[in-house]
Amino acid sequence: MTRYVLMRLIQGVITVWFIATATFFVMHNIPGNPLQNEKAVSEQVQKKLEEKYGLDKNVVVQYGIYMWNMIRGDFGLSFKQEERPVNKIIAERFPVSAILGVLAIVIAGMGGVLWGALTALYRNRWPDVVIIILVILGISVPSFVFATVGQLGIVVANRMLGFELLPVAGWGTIWHMLVPALVLGLGTMAFLTRLMRTSMLEIVNADYIRTARSKGVPVAQIFAKHQFRNAILPVVTVLGPSIAAITTGGFVVENVFAIPGLGRTFVEAVQQSDYTVIMGTTVFYGAFLVLMVIVVDLVYALIDPRVRLQ
Amino acid sequence: MTELSFKPTTVASDIEQTSRPSLSYWQDAFIRLVANKRAITSLVVIILLIIFAFIAPHVFWTIKHDVQNLDRTSEPPWINRKAMVLPDQDDWQDVHVAAAIGEHRAPTVLEVVGEPTTSRVRLKWEPVPNAYGYRIYRNIVEPSEDTPLGLSMGVNEAGTHVSFEDRLAIRQKPYWYSVVALDEDGTEFEAAKTINVRPQLAITVSEALTLTKADNVQPGDTVSLFWHPLGTDYLGRDMLARLMKGAQVSLTIGIVAPLLFMILGIIIGSVSGYFGGMVDAGLMRFTDFVIALPFLLFMILFKLLFVPSGDTENWMSNFQEWLGIEGGMLAMVVALVLLSWPGIARLVRGEVLKIREQGYVEASKLLGAPNSWLIGRHMIPNTMGVVLVSFTFAVPATIFTEAFLSFIGMGVVPPTPSWGSMCNDGIRTMEMYPHELLFPALFISITVLAFNLLGDGLRDALDARMRSRE
């Protein structure tokens, strides 16, 4: 077990190194100059600026400095936000995205398991049909449409009630998070519902269910103890990739609802060609995803005794 | 017992026969697919979408997608197109009357002169005693006691000047005009007179001659304006034409990119699976790395890398021009191919590893089949099933990615429309003109749904093990 965890961590570190290297070289070859401005700058100032950010040095030297700083956990200074370290920006913005993401995952996971179990329980009756139609909608409508419709829903509700039931945009309280988290989790919820349904229906025919039934175990107990618990396993496996899907979904939701998260920071940084912020955010996100995949694998091994770690 | 005791029997002709002809894998799959109504409906929808994107703009709807008409912006499809024709020269004299006597603080009468139209609304009112001028307001909702009167449209600087002509961007919807009298210092009186006006669509004679096919138009006639079946966008461009162009962009990226990364994935996966050993280990490590890259972030980075910023020319833009495609589509396809191949490579590798151990491959090898025969006859045809299924699921995923990137402004370059960028444009005006968001969103949803259902059907038809339970 310890050996496995260690191996995975070493692999993870190598992967993060690859991500960092790829990011560095992609960024380095992007046409245009991050220090270019609308304002014309004298050659001397330009030189000074390049010196300050180390852009006057050889590519290999720059790569070395960049890597060395990254190992020490330093992503450098932002190009566009005067003198602010990228670390500080990430430290400020990431918790926002993380809270939103966790809330979305909780909503998606609970909703998906619940709806999936319901559809399997009411197979081919109206609750099943209604939920399946909603699932198809959830899978085929883009998240930005949900986000806009959700926001419009808040506006209309506030207007009809005559007071502010929920804030339309921004960040701060739990009330700001509810609708964005729901919108963010919708796609994943639809996907999980479908998965849960399939997995529930597969298990109905399992030997141990038949045995339990022939022993005369009450239906409710079979459902809770055997069917439901076993059906949840595949749902846990896809939670890892779902975390990635939810972080990407965060781009849109954070933009529509004006939430100061990391996704919005990245989009803004790209629009302003703030190279250090782009690199820092990308490497940080990559490292975070790598870590999440490892964690999910370990959790899965813990709950499913059949999985042996090698 | 003699020989005569034995009688020859008649030969029974009905030898047992197989009840139906044997079917190949693909024949069987085809029969299953055709029996699946949902999958076939989806296939028909997809074919219709392809016709909509690539044939319809040349045959049925040849309107240009980038022609702006700032007089007809954000028109929903259900708008009234009957327009009144007004003379080209249509000046109106200000109305001046004698000062009024009495006690009232707001005009007693406020009326519209002539027909209110989208080119002008003319108001006239009874003068207010002791007024030194009037201010005219316009609102799109009915003003009440505690809501404002709306936008200030102008000020008349004499108590005897009791007319006003509004020519400012009038649309076909109700307006509430209010007139308030002003005192010597320009301070408003406390009372106002409000009137509800519903302007009618109107164009001038010369506009009518250019905008419609009519060749003899008189002032006072009614003409029908050009029909935009799905309305217009915020620059007055025809939505149907833009949706067609957007369909071209979205479907081209959505089909070409998966096709290319499938090919790359198949090559890498089959080489890796077939040769095994060091080659396999190396390629698979690389695959793991590429999978670990944060997809959307790198999509955006690659897009920055491949699209020339500003006027700099590079090989990419030259190649794109040579291909005759526009708006950064090539950059997006290249980025998608570079980032999306690992999934299919892993899948194909797994299949090849499995097939390599099969009895029929062993038999073929023993009979002296060369590598090329093994790959061409056994490996590739037997992996085609899973590849085809993944392709059908990759198309909607790619269309989503494209829409998503265009939505946050990192996709195709304007003015080339894609469904995603059209949604982005539509969102700004969605409360007033929902059709600008509704139609592109609907097209994305229908396309994604159709490909997903077709994929489900194909999976059920091609591979019994992957069959979904629904």
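This is a predicted model: local features need pLDDT of at least 70, side-chain atom pairs count only at pLDDT 80 or more; totals for chains, interfaces and linings use all residues.
1. Residues are numbered from 1 along each chain as its sequence is written, while chains are lettered from A and ligands numbered from 1 in the order in which they are written.

2. Chain A has a residue of this kind too: A:Ala258, with phi near 55 degrees, is positive without being a glycine. You'll find A:Ala258 in the loop between α9 and α10 of chain A. With 14 other C-beta atoms within 10 Å, A:Ala258 is partly exposed.

3. Now look at the sheet in chain B. Its four strands run in the order β5-β4-β7-β8, the sheet is open, and the pairing is antiparallel. (Strands are DSSP runs of E, at least two residues, and helices are runs of H or I, at least four, numbered from the N terminus; two strands pair if DSSP finds at least two bridges between them.) β5 (151-156) and β8 (188-197) each have a single partner strand, so one side of each is left without a neighbour in the sheet. Between β4 (133-139) and β7 (175-182) there are seven bridges, and B:Arg138 has B:Tyr177 in β7(B) as its bridge partner.

4. How many residues does the contact take from each chain? Chain A gives 34 and chain B gives 35, where contact means C-beta atoms, placed from the backbone, within 7 Å. On chain A's side, α1(A) supplies the largest share, seven residues.

5. Finally, check where α5(A) meets α13(B), residues 435-462 of chain B: the angle is about 115 degrees and the axes are 9 Å apart. (Axes are lines fitted to C-alpha atoms, for helices over the stretch in contact, and angles run from 0 to 180 degrees between N-to-C directions.) The two helices are therefore roughly perpendicular, a label for 65 to 115 degrees (under 35 is roughly parallel, over 145 roughly antiparallel, the rest oblique). A:Ile136, A:Ile139 and A:Ser140 meet B:Ser445, B:Val448, B:Leu449 and B:Asn452 there.

Technical notes
Two residues are in contact if their C-beta atoms, placed from the backbone, lie within 7 Å. A residue is buried if 20 or more other C-beta atoms lie within 10 Å of its own, exposed if 12 or fewer, and partly exposed in between; C-beta atoms are placed from the backbone.
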